[in-house]
Amino acid sequence: MKRRQQGILTGMPFMANLAPRTFVDDLDRKIYLAKAPIRIVSLAPSITEVLYAIGSSEELVGVTQYCDYPPEARLKPKVGYTHPNLESIMALQPDLVLAPREFLRADFLGKLEQLKIPAFILDAKTIEDVLSHIQTLGRMLGRSASADGLAAQMRQRITEIKTRTATLPHPRLLYVLNSEPLITVGPGSFIHQLIVLAGGTNIARRARSAYPRLNMEEVLKEDPELIVFPVGLVEGIPESEQQVWQRWTTLSAVKRGRFFRISSDLVNRPGPRIVEGLEIFARIIHPEAFEDKIKP
Amino acid sequence: MGILGGQRRFEGSGEGALPHGDVGTRVAAAEGTPRAEQSVLTSRRWVTTMLTLAGASLLVMIASLRFGTEEIGFVDSARILFGALRYGETGIDSLGPSSVILLQVRLPRVLLGFMVGSCLAAVGVGLQALLRNPLADPYVLGISSGAALGAAVAMLVGFGKTVLALSAISFCAFLGGLSSLIVVYRIALSYGHLPIHTLLLAGVILNAIFSALIMFITSTMNPNRSFGMMSWLMGTLAAPDYPALIVLTVYLFVGGLILFMQTRALNILTLGEESARSLGVEVERVKKTVFFTSALLSGAVVSVSGLIGFVGMVIPHAVRMMIGPDHRLLLPASALVGGIFLLAADTAARTLLAPAEIPVGVITALAGGPFFIYLLMSRKGGLAR
């Protein structure tokens with residue numbers, strides 16, 4: 001995330017510290033917050049998780065219907081997700097709306113601006129973005145200490161995975177986002193980065209979009225050594241669809257029975273648990289590198 | 001449509017005692033079509049046209065087998081195919097990746113694409129004649145959206161096993177199509193008759209209701225999952241395994257044959273129900289047969305391929321412009337042309353952005369639409385006379 005020095009006297013180092021209450025979001029919009037917000041609406045499960053992780057759950061007054069972690073987040077009032085309900089948001093009288101870039105409609109944002117509700121847009125494209133978002137939200141909400149601590153701890157876990165898998169071969173992996181038709185993750189998607197970071201090779205690395213419909217011929221040609229299915233309560237690939245993959249008997253992954261499941265919430269949400277997702281990916285791809293550690 | 005224009009002239013001319021088979025051709029002749037070969041359907045012309053199209057189909061199939069993420073030359077393809085025929089499917093594993101790609105993915109997909117295209121076009125011909133509406137296509141009766149709804153529910157619930165070699169989604173889609181068939185039929189049926197207008201309207205309304213339900217399901221689904229569902233609905237030709245392909249081939253072939261057996265009656269039916277009745281056609285029986293067959297066929301097609309627009313509506317028109325309105329030739333010829341068209345479109349869909357794919361419905365509309373506009377412009381008045 002871009003971080004700019006703010007204020008007209010930006011050049012003077014001491015002034016930078018005097019105007020710390022202006023924030024620039026991922027759409028390059030500036031918002032000024034005179035004091036730390038106390039009524040926050042989160043429009044993404046990942047943002048909700050960040051707020052809980054840095055200890056700002058008290059200030060959270062509205063969430064989406066998919067905000068299910070930590071479990072107590074379910075108890076907060078719901079405002080919708082892909083089509084947030086403006087009236088419910090208004091009724092909560094928020095002094096800050098935190099929204100993801102996905103599903104964000106220009107008219108919705110314009111309406112919020114018109115109603116003078118500050119909106120801050122988060123668009124996590126990389127793991128680094130997630131860390132920087134956590135720190136930004138920490139500064140914004142007066143939780144810098146815990147946010148920086150969390151980010152540092154996450155960064156350390158990422159480094160450890162990198163060092164453990166750095167010298168190992170990179171097995172070919174197919175991530176089955178959707179089975180019928182086959183949709184997978186390509187470069188530009190979050191999960192693709194996790195696969196690479198965890199020391200694997202995404203067989204759809206040559207695709208030109210983030211979520212390509214992959215040709216089955218390409219799968220057979222690339223011959224994945226592992227097939228990973230996301231699973232979850234409300235999404236994920238049902239067992240029967242996973243069984244359908246057994247028919248491709250020539251695939252190395254099928255021959256060796258290397259089918260794995262991963263909680264989609266851990267890898268899809270650009271929040272604090274992304275490191276857990278990364279660790280699970282690394283354990284799936286390189287079980288040999290984690291033999292000394294007990295499974296979480 | 002030319003048929004309707006001819007109808008009035010025909011009714012006025014009072015040639016009521018024609019043998020059934022000749023009516024359609026006489027109508028065409030009555031229009032004064034400049035091309036003589038379009039107006040009279042001789043068995044020789046039938047055979048030549050069909051043989052030409054069958055030859056073209058075979059060529060397109062062979063060409064389609066060549067293209068894909070992995071180029072497999074004709075010689076290699078032939079060797080792999082004959083090898084598989086001789087040693088059976090069991091020997092595949094030892095044959096290396098390109099034979100697996102060819103035999104397990106490309107060939108079944110090519111066959112499925114051809115069948116789906118054929119079926120859509122044939123059903124389109126049948127329904128355009130039955131409903132006497134140039135806008136009719138296999139999706140007009142509401143069966144397809146019923147099937148799509150079935151698929152959506154299957155994906156929402158996420159349950160299932162393979163049934164009759166079909167995947168759970170396909171099976172639920174077929175069930176959905178079947179139930180909406182019954183609903184449309186019950187709505188439209190009045191005193192043992194099947195009025196065309198009620199049938200059409202019932203289909204349209206059911207389409208609207210089912211589409212709304214699908215949108216509702218999509219909106220409540222987690223966005224990550226609904227993405228997959230929308231992709232399925234956009235039209236998907238997956239590679240079926242051979243048992244499923246055989247079940248489907250038999251099913252579609254029988255259905256197509258039943259439709260073909262009605263073509264004589266459909267020719268007469270285009271004159272209007274009264275005229276057809278006075279010519280000795282059991283109008284209600286024909287209508288019901290065509291309705292049920294079309295519905296069962298389109299339900300099955302949607303259940304294996306999602307919603308592939310355009311083929312079913314436009315191919316019949318294009319073929320009619322080229323070979324004339326006689327359904328005895330129009331239906332089987334459209335079936336072959338539809339198969340060729342969808343096959344070509346699907347080959348483009350899986351190669352243009354390889355290794356990614358484009359939904360095949362996008363290609364059918366983008367490639368077929370302008371071509372059809374060209375046909376319309378170049379033969380202005382030919383369709384809307």
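**Domains, sheets and contacts**

Modeller: The model is a predicted one. In chain A, the domain assignment gives domain 1 (13–123) and domain 2 (168–290).

Biologist: How far apart do the C-alpha centres of domain 1 of chain A and domain 2 of chain A lie?

Modeller: The two domains of chain A do touch, with six residues taken from domain 1 and six residues from domain 2. On the side of domain 1 of chain A that touches domain 2, four residues are nonpolar, one is polar and one is charged. The separation of the C-alpha centres of these two domains of chain A is 31 Å.

Biologist: What is the strand order of the open sheet of chain A that includes S3?

Modeller: The sheet has four strands, with parallel pairing. Its edge strands are S4 and S6 of chain A, each of which pairs on one side only, and the twist averages 30° from one strand to the next. Within this sheet, two bridges join S3(A) to S4(A). The order is S4-S3-S5-S6 (chain A).

Biologist: Which residue in S4(A) stands opposite A:Ile40?

Modeller: S3(A) and S4(A) run parallel. The residue of S4(A) that stands opposite A:Ile40 is A:Leu60.

Biologist: Why is helix H2 of chain A said to be largely enclosed by the rest of the structure?

Modeller: H2(A) lies across S3, S4, S5 and S6 of chain A and runs at about 135° to S3(A). Its buried residues are covered by elements including strands S3, S4, S5 and S6, helix H5 (127–140) and helix H6 (144–165) of chain A. Among those buried residues are A:Ile47, A:Val50 and A:Leu51. Helix H2 (residues 45–53) of chain A is largely enclosed because the number of its nine residues that are buried is eight.

Biologist: Which residue takes a positive phi just after H2(A)?

Modeller: The buried residues of H2(A) include A:Ala53. Just after this helix, a phi of about 85° is taken by A:Gly55.

Biologist: Which residue of S9(A) is the bridge partner of A:Tyr175?

Modeller: Chain A has an open sheet of four strands in the order S8-S7-S9-S10, with parallel pairing. The edge strands are strand S8 (201–202) and strand S10 (259–263) of chain A. Strand S7 (residues 172–175) and strand S9 (residues 226–231) of chain A are joined by three bridges. In S9(A), the bridge partner of A:Tyr175 is A:Val228.

Biologist: What angle does the direction of helix H12 of chain A make with that of S10(A)?

Modeller: Helix H12 (residues 274–285) of chain A packs on the sheet and touches S7, S9 and S10 of chain A. The angle between the directions of H12 and S10 of chain A is about 170°.

Biologist: Which element gives the largest share of the side of chain A that touches chain B?

Modeller: The contact takes 32 residues from chain A and 33 residues from chain B. The elements of chain A that give two or more residues to this side are helix H8 (216–222), helix H9 (239–244) and helix H11 (264–268). By class, the side of chain A has 13 nonpolar, nine polar and ten charged residues. The largest share, five residues, comes from H8(A).

Biologist: How many helices does chain B have?

Modeller: Of the 385 residues of chain B, 50% count as buried. Among its contacts between residues at least 6 apart in sequence, 75% join residues at least 24 apart. Chain B has zero strands, and its number of helices is 17.

Biologist: Is B:Ser145 buried or exposed?

Modeller: B:Ser145 has its place in helix H7 (residues 143–157) of chain B. Beyond four places in sequence, B:Ser145 touches B:Leu206, B:Asn207, B:Phe210 and B:Ser211. The residue has 27 C-beta neighbours inside 10 Å, and the cut-off is 20 or more. B:Ser145 therefore counts as buried.

Biologist: In which helix of chain B is confidence highest?

Modeller: Chain B averages a pLDDT of 79, and 82% of the residues score at least 70. Over residues 1–38 of chain B, pLDDT stays under 50. Confidence in chain B is lowest in helix H1 (residues 2–13), at a mean of 36. It is highest, at 93, in helix H16 (residues 327–351) of chain B.

Notes: Residues numbered from 1 in each chain as written. Chains lettered and ligands numbered in written order. Predicted model: local features only at pLDDT ≥ 70, side-chain atom pairs only at ≥ 80, totals over all residues. Buried ≥ 20, exposed ≤ 12 C-beta atoms within 10 Å, placed from the backbone. Contact = placed C-beta atoms within 7 Å. Pairing = 2+ DSSP bridges. Axes fitted to C-alpha atoms, helices over the stretch in contact; angles between N-to-C directions. Nonpolar A, V, L, I, M, F, W, Y, C, P; charged D, E, K, R; others polar. Domains from an automatic or database assignment. pLDDT = per-residue confidence, 0-100.
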